[in-house]
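Colleague: Hi! Could you walk me through this one before I set anything up?

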Amino acid sequence: MVTPSTTLCPSARAEEGALLLGVVGPDQAVRMLSEPERLTPELTEAIAAVDEPEKHFRFANRCVKSGCNQWQGGRCGVIDRVMSVNQHLAASTSLPNCAIRLQCRWHQQSGPSACTVCPFIVTDATQTREERLAYIDSHVVQ
Ligand code: SF4
């Protein structure tokens with residue numbers, strides 16, 4: 001259950017109880033909603049009708065730490081990997097509006113720099129861990 005003090009993964013799967021966090025635009029950048037919307041059974045069903053919803057929306061849900069295969073060394077390996085291939089980026093002075101910043105695992109780990117790359121990250125829940133790491137490695141933000 002997600003409470004106001006729950007640390008959230010900002011790249012979760014589309015499943016009931018998750019929060020709809022943003023929408024992927026035609027330029028593949030994520031537009032954050034001003035207020036995340038919880039996936040009710042009805043909304044979950046509607047989103048499930050979309051082919052590969054994680055490619056069209058971003059969802060947040062409870063960070064399950066070692067219950068996730070991206071968890072490495074007590075940290076989220078996704079944002080660490082993305083940050084390591086985007087070291088040329090300075091943290092933007094104007095961060096994207098984000099309603100979950102105080103609870104976000106990526107922001108807790110990497111601070112405002114995570115928010116600079118975050119809109120360019122599209123979740124692909126179909127990938128294996130190896131495919132996902134290869135995807136991240138090829139995902140350098142210009
Ligand atoms: S990394 Fe920043 S912009 Fe992205 S979800 Fe976390 S707090 Fe929000």
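Colleague: Which residues are around the ligand?

Modeller: Around the ligand you find Pro10, Pro96, Cys98, Ile100, Arg101, Cys104, Trp106, His107, Ala114, Cys115 and Cys118. A residue counts as near if its C-beta atom, placed from the backbone, lies within 6 Å of the molecule. Do keep in mind that this is a predicted model: local features need pLDDT of at least 70, side-chain atom pairs count only at pLDDT 80 or more, and totals for chains, interfaces and linings use all residues. Residue numbers start from 1 along each chain as its sequence is written.

Colleague: Which helices supply at least two residues of that shell?

Modeller: Helix H3 (105–110) and helix H4 (112–117) each do. Helices (H or I, at least four residues) and strands (E, at least two) are DSSP runs, numbered from the N terminus.

Colleague: And how do the shell residues divide into nonpolar, polar and charged?

Modeller: There are 9 nonpolar, 1 polar and 1 charged. Here Ala, Val, Leu, Ile, Met, Phe, Trp, Tyr, Cys and Pro count as nonpolar, Asp, Glu, Lys and Arg as charged, and the others, Gly among them, as polar.

Colleague: Switching topic, what is the order of the strands in the open sheet?

Modeller: The order is E1-E4-E2-E3, with antiparallel pairing. E1 and E3 are the edge strands, each pairing on one side only. Two strands pair if DSSP finds at least two bridges between them.

Colleague: How many bridges join E2 to E3, and how many join E1 to E4?

Modeller: E2 and E3 are joined by 5 bridges, and Val23 has Arg31 in E3 as its bridge partner. For E1 and E4 there are 3 bridges, and Leu8 stands opposite Arg62 in E4.

Colleague: Is E1 enclosed or open, and why?

Modeller: E1 is largely enclosed by the rest of the structure, because 5 of its 5 residues are buried. Buried means 20 or more other C-beta atoms within 10 Å of a residue's own, with C-beta atoms placed from the backbone; 12 or fewer is exposed, and in between is partly exposed. Of the 142 residues of the chain, 32% count as buried.

Colleague: What about Ala18, which residues is it in contact with?

Modeller: Leaving aside neighbours within four places in sequence, Ala18 contacts Ala12, Arg13, Leu39, Phe59, Ala60 and Asn61. Contact means that the C-beta atoms, placed from the backbone, lie within 7 Å.

Conventions
Contact = placed C-beta atoms within 7 Å.
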